[in-house]
Amino acid sequence: MADLKTGTGFGLKNIRKRPYRSLCLVLAATISSYALFTGLSLKASLDNGIERMQERMGADLMVVPEESEADARNVLLTGEPEFFYMDREIVETAGKIEGVELVTEQFYFTSLSSDCCSTRVQLIAYDPDSDFVITPWIDEKITDEVSKGGIVIGSEVTPLSDGNVKFYGTEYPVAGKLGATATGLDQSVFMTRETMHFILEDASAKGYQFLNPEDDSGLVSTVLIRVSGDADITFIEKELYRNSSGIRIIETDKLIDDVKTKLGSVQNVIKLTLLVLLIISFVTMILFFSVIFHERKKEFAVLRILGASGSRICRFSLAEGIIIGSGGGLVGLVFGILTVFPFNKYIEYSLELPYLMPEIRLIVLFGALGVLVTTAFGSLSSFLATLSLTRAETYYTMRAGE
Amino acid sequence: MSLLKTEALVKEYKRRGKTFRAVDLTDLQIEPGEFVMIEGESGSGKTTLLNLLTGLTEPTSGKVYIDGISLSDMSDREISEVRNRKVKYIPQGDSLLTNLTIRENILFPYVISGHKPPSEERLKAVASSLGIEELLDEYPAELSGGEMRRATIARAFIDSPELIIADEPTGSLDSLNTSRVMSIFRQIADNGTAVIVVTHQKETLGFASRVLKMELGKLSPV
């Protein structure tokens with residue numbers, strides 16, 4: 001009897017004695033909690049991704065070879081390794097244009113997914129003297145050896161067990177690691193031009209000829225430009241096009257706007273799906289509780305006969321709703337965690353959008369919100385389903401239940 | 001002051017647009033320790049009357065007083081308390097909670113009120129008097145109709161209410177158990193609890209201290 005003293009005890013007994021019926025209700029609650037947790041986590045990860053991307057893009061303009069705009073976007077957005085080259089002269093040209101505050105260059109090539117290399121990644125050589133894109137985001141400085149053959153790795157690049165990375169048969173020490181950027185830079189590896197020479201020589205020795213290692217000084221893959229605050233960006237672009245041929249200029253703001261537009265569509269789909277699932281789940285719970293409580297009319301009438309007031313009966317049903325709502329909410333949360341965390345990378349690749357998990361406290365908040373909302377759904381739907389039964393005269397309820 | 005008193009009690013229903021008077025009583029008074037039996041044909045208004053007396057149905061007009069207080073002046077919570085403590089109602093048919101054991105069913109009114117349940121000895125004594133002592137840990141689905149009926153009666157007998165109202169309590173019982181239950185009602189009445197029993201079994205009328213007949217919603221002495 002001890003366990004019946006509370007509404008919870010009576011509710012638990014009712015739930016246990018009708019396992020299939022209870023399972024259906026728990027399932028509806030599970031769906032709403034799962035949808036809420038995964039939906040909110042997904043949306044927050046996308047918001048966080050675009051915010052971080054915007055913050056870490058660094059340059060206002062990105063100059064690339066005319067025919068390689070798409071490849072350059074791939075490197076930035078998806079981390080798909082690419083290589084393309086243009087004349088280095090553009091660096092000098094850009095530096096002379098009025099309104100250009102900073103100019104730096106990068107040289108792209110790739111590693112291989114074979115025994116010679118740790119993994120297939122984008123290799124980017126940068127100039128530490130002029131760089132304003134990579135250096136500010138070195139999150140974890142391991143050694144000061146960047147200039148002496150050390151390598152800086154993106155947040156998603158995993159070094160070998162000895163802490164080095166291997167490219168074309170030679171191991172290089174990791175000098176630093178970048179913080180997550182939610183861009184292709186997370187899967188890239190950065191080095192000085194000097195280190196690049198060693199790797200290119202090794203690659204050439206193994207038969208992988210990106211370009212003549214002796215003849216690379218006149219080539220770059222991209223020139224990154226930061227424009228001073230009051231400068232006219234259109235004027236700078238016009239000057240660049242006027243003075244150089246075979247180039248394409250990517251405005252990073254426009255690149256981000258494009259991503260935001262795509263992101264907006266994805267987020268609308270997420271929002272709509274979330275809303276629909278929540279409505280379906282809530283309506284299902286109300287319908288289930290109504291049907292089940294109507295089947296239990298006689299039970300409610302008996303409770304009235306035994307001296308339970310309308311509000312006491314509501315409390316009994318509320319307890320059942322809370323148990324089912326919170327139970328289903330927790331199950332949904334577990335499934336949500338099992339989706340969001342292990343499939344994090346898969347989601348990122350599928351969406352092809354900047355995707356970065358938010359801080360853990362926000363994830364905990366989404367989990368709590370999911371369970372809370374589902375518990376509220378459970379209690380509210382059980383309460384609504386009981387209300388009509390407690391208002392009806394017991395005699396009729398008893399007769400209807402027989 | 002009477003334990004139960006009615007005052008011009010009327011209950012009307014509408015059937016196919018026509019008003020039908022199910023109960024139309026002049027005053028009825030029940031004193032402590034009285035054992036009143038009500039007989040009457042099906043549809044004469046007996047069950048409706050019992051529902052009115054227990055506050056489960058609201059009268060169209062008139063009043064029901066318990067210990068001098070009108071049910072219509074009480075809140076739902078107060079009427080519920082009356083049903084939980086003072087007036088025990090044994091409805092027609094099976095009224096056990098199917099998810100609870102017989103023991104839990106008998107003691108469930110205490111779960112509702114939050115009052116201390118009676119001792120195990122008291123529970124076993126009541127169960128034993130009704131021949132269901134061995135069934136206390138069974139669920140209703142495992143019991144026969146007669147056993148369920150006796151368990152329902154045990155739930156009303158377990159404490160000492162001021163009034164027990166029973167609607168055909170022995171309907172599904174054999175003659176031995178009918179006699180056993182009626183003897184217990186008699187004993188309870190002798191101990192000061194008022195008892196109102198609706199019955200179709202004329203052979204049980206001898207247990208009552210007063211017999212009333214119900215016809216077309218009206219009560220008359222037999």
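How many residues of chain A are in contact with chain B, and how many of chain B with chain A?

## Where the chains meet

This is a predicted model. In it, 21 residues of chain A are in contact with 24 residues of chain B. Four helices of chain A each supply at least two residues of the side that touches chain B: helix H1 (7-17), helix H8 (297-305), helix H9 (310-340) and helix H12 (394-401). H8(A) gives the largest share, with four residues.

What classes of residue make up this side of chain A? Eight are nonpolar, five are polar and eight are charged.

## Inside chain A

Chain A has a domain 1 and a domain 2. Domain 1 is written in two stretches, 2-53 and 259-401. Domain 2 covers 85-220.

The two domains of chain A also touch. Six residues of domain 1 are in contact with four residues of domain 2. On the domain 1 side, four of the residues are nonpolar, one is polar and one is charged.

## The build of chain B

Chain B contains six helices and eleven strands. Its radius of gyration is 17 Å, and the globule rule gives 17 Å for 222 residues, so chain B is as compact as a globular protein of that length. Along the principal axes, the C-alpha atoms of chain B fill a box of roughly 50 × 40 × 40 Å.

How much of chain B is buried? Buried residues make up 47% of its 222 residues. Now take the contacts in chain B with a separation of 6 or more. Residues 24 or more positions apart account for 71% of them.

Note on methods: Residues numbered from 1 in each chain as written. Chains lettered and ligands numbered in written order. Predicted model: local features only at pLDDT ≥ 70, side-chain atom pairs only at ≥ 80, totals over all residues. Domains from an automatic or database assignment. Contact = placed C-beta atoms within 7 Å. Nonpolar A, V, L, I, M, F, W, Y, C, P; charged D, E, K, R; others polar. Rg over C-alpha atoms; globule rule 2.2 N^0.38 Å. Buried ≥ 20, exposed ≤ 12 C-beta atoms within 10 Å, placed from the backbone.
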